[in-house]
Amino acid sequence: MIEPKKIVKSRRKTIALVIDSDGELIVRAPFYASNHDIMRFVQEKQDWIEQKSEEMKLKKQERPKLALQDGETIPYLGRECMIFRGMTKKIYFDGKAFLLPETQDADTKLVTWYKKRAAVILQERVETIAKNMQVVPEGVKITSAKTRWGSCSGTNHINFSWRLIMCPPEVVDYVVVHELCHILHKNHSRSFWESVERVDASYREHEKWLKDNRRIMEILE
Ligand SMILES: [Zn+2]
């Protein structure tokens, strides 16, 4: 249950609920309202409060689309990397910053760069983790999905969005573990999550990271 962060009493006649920009609940109430009355009201409106709070939190993490201008940053393996535009045809990356061409097609080139890196990194992570888990995937494909980080087909073909490599390495590994566990369980049953936990004891944290940061899927077309 979401409890009030602050209760503000004034000469008003009714209780009102406000969700602030952090998704926290502020209650405005008349002077004569008892704590009991206030808490009962908050309890009754819990569905609305939770929904609104979730909306405000999402709004807060909204990340605008990248214009790929000098000084903007883009995440690569969890690290915010600076973008520079300059006289170059190719993309240069030194582990901390990108040098992108000044031409109009810099975005397409950058996506191609990410896709290639994603293919190399995810192929390697799948091989290593699958071996350790003793499962055999049919193959790995890189997609441009914006709604899911990864998926596993009924025939054990694994797909990952290239956008996944914007996430920190431990989160990348979690998604790999998650999809490989779908080879064993084609659902999100309890046994599925138990298999995930055996390989990634911090999976809840990683799942939360993805939920809190899903807007990074939208920063590039
Ligand atoms: Zn799943």
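Is W193 buried, partly exposed or exposed? Before I answer, please keep in mind that this is a predicted model, in which local features need pLDDT of at least 70 and side-chain atom pairs count only at pLDDT 80 or more, while totals for chains, interfaces and linings use all residues. Residues are numbered from 1 along each chain as its sequence is written, and side-chain values use heavy atoms, with hydrogens and water left out.

W193 counts as partly exposed, at 23% relative accessibility, where buried means under 20% relative accessible area, exposed over 50%, and partly exposed in between, with a 1.4 Å probe and protein chains only. F192, by contrast, is buried, with a relative accessible area of 0%.

Let me turn to the zinc ion, whose protein donors are H178, H182 and H188, each through NE2 and lying 2.0 Å from the ion; donors here are N, O and S atoms within 2.8 Å of the metal (3.2 Å for Na, K and Ca), and because water is not among the atoms, sites may look incomplete. In sequence these donor residues are spaced H-x3-H-x5-H. H178 also counts as buried, at 10% relative accessibility.

Leaving aside neighbours within four places in sequence, F98 is in contact (heavy atoms within 4.5 Å) with residues including I74, L110 and Y114. In soluble globular proteins, nonpolar side chains tend to be buried together.
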